[in-house]
Amino acid sequence: MRLFRSAVLYTALALCAIAALADTAALEALRSGDMKKLIFHSAPQPVAEVAFVDETEAELTLAQYHGRYVLLNFWATWCAPCRKEMPSLQALQAEFGGDAFQVVTIATGRNSPAGIRRFFEEVGVDSLPKYRDPKQALARQMAVLGLPISLILDPQGNEIARLRGDAHWDSDSAKAIIAALIAGEG
């Protein structure tokens, strides 16, 4: 009987692993253009629960976003590719933001609140969070090397994909990937 239960358990785990690989393959097939840089992990990776701050200096963690997919973007006011990318992040948030999906932007390093406000005004962004990681603690824990870096987190708060460099997050490919995730196809 014990051998039978073990066989059933291992079969179920194997089928789940195969389904996850199939889902990842389906998502990878949606990548085109600069979304080709989006790398899906073979298994979800835990995310650090290091605090960052909002505009009022209140501490937050990514745990507050559990229950939805998150596009987590690390950026800085001095980063030219970030300047180019930020409006497309706002467009993605405008189209998909809600109970199932959220764009979360975190300025990492020395970025003053006034500098962040000025940056957002200059690039025409008014609906994304102005979070900061002033000591780069979260960025370090999440192996953020270079900017911008975008991560996709699943509803359980695990990292499932990562893109290094800027991207057109309002492209048809990016929208198809986010739509598939929200629809439960990923």
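A salt bridge is taken here to be a side-chain nitrogen of Lys or Arg within 4 Å of a carboxyl oxygen of Asp or Glu. By that criterion Glu 159 is paired with Arg 162, with 2.9 Å between the closest N and O atoms, and both Glu 159 and Arg 162 are buried, a term that stands for under 20% relative accessible area, with exposed meaning over 50% and partly exposed in between (1.4 Å probe, protein chains only).

The model is predicted, so that local features need pLDDT of at least 70 and side-chain atom pairs count only at pLDDT 80 or more, while totals for chains, interfaces and linings use all residues. Residues are numbered from 1 along each chain as its sequence is written, and side-chain values use heavy atoms, with hydrogens and water left out.

**Overall architecture**

The chain contains five helices and eight strands, which follow one another from the N terminus in the order α-β-β-β-β-α-β-α-β-α-β-β-α; helices (H or I, at least four residues) and strands (E, at least two) are DSSP runs, numbered from the N terminus. Of the 186 residues in the chain, 45% are buried, and the accessible surface comes to about 9,500 Å², with 57% of it belonging to carbon and sulfur atoms (Shrake-Rupley method, 1.4 Å probe; for residues, only the protein chains shown count as cover). Among contacts (heavy atoms within 4.5 Å) with a separation of 6 or more, 73% join residues 24 or more positions apart.

**Nonpolar cores**

A nonpolar core is a set of buried Ala, Val, Leu, Ile, Met, Phe, Trp, Tyr and Cys residues joined through side-chain atoms within 4.5 Å. The largest has 34 residues, of which Leu 38, Met 86, Ile 152 and Trp 169 touch the most other members. Elements that each supply at least two residues of this core include strand S4 (69-75), helix H2 (80-96), strand S5 (101-108) and helix H5 (172-182). Apart from it lies another core, of 19 residues, including Ala 48, Val 104, Ala 139 and Met 142.

Leu 89, placed in helix H2, is buried with a relative accessible area of 0%. Beyond its neighbours within four places in sequence, Leu 89 contacts Leu 71, Asn 73, Val 103, Thr 105, Leu 128 and Trp 169; the C-alpha atoms of Leu 89 and Leu 128, 39 residues apart along the chain, are separated by 8.2 Å.

**Charged residues**

The structure holds five salt bridges, including those listed below.

| Pair | Closest N to O distance |
|---|---|
| Arg 83 and Glu 122 | 3.1 Å |

Lys 84 is exposed, at a relative accessible area of 55%, whereas Asp 166 is buried, at 17%.

Asp 154, in the loop between strand S7 (149-153) and S8, is buried yet has no salt bridge, the nearest side chain of opposite charge being that of Arg 68, 12 Å away (Lys and Arg count as positive and Asp and Glu as negative; His and the chain ends are not counted). The side chain of Asp 154 does, however, reach the backbone nitrogen of Gln 156 at 3.0 Å.

Conventions: A polar contact is a pair of N or O atoms within 3.5 Å; within protein, one must be able to donate a hydrogen and the other to accept it, and residues adjacent in sequence count only if both atoms are side-chain atoms.
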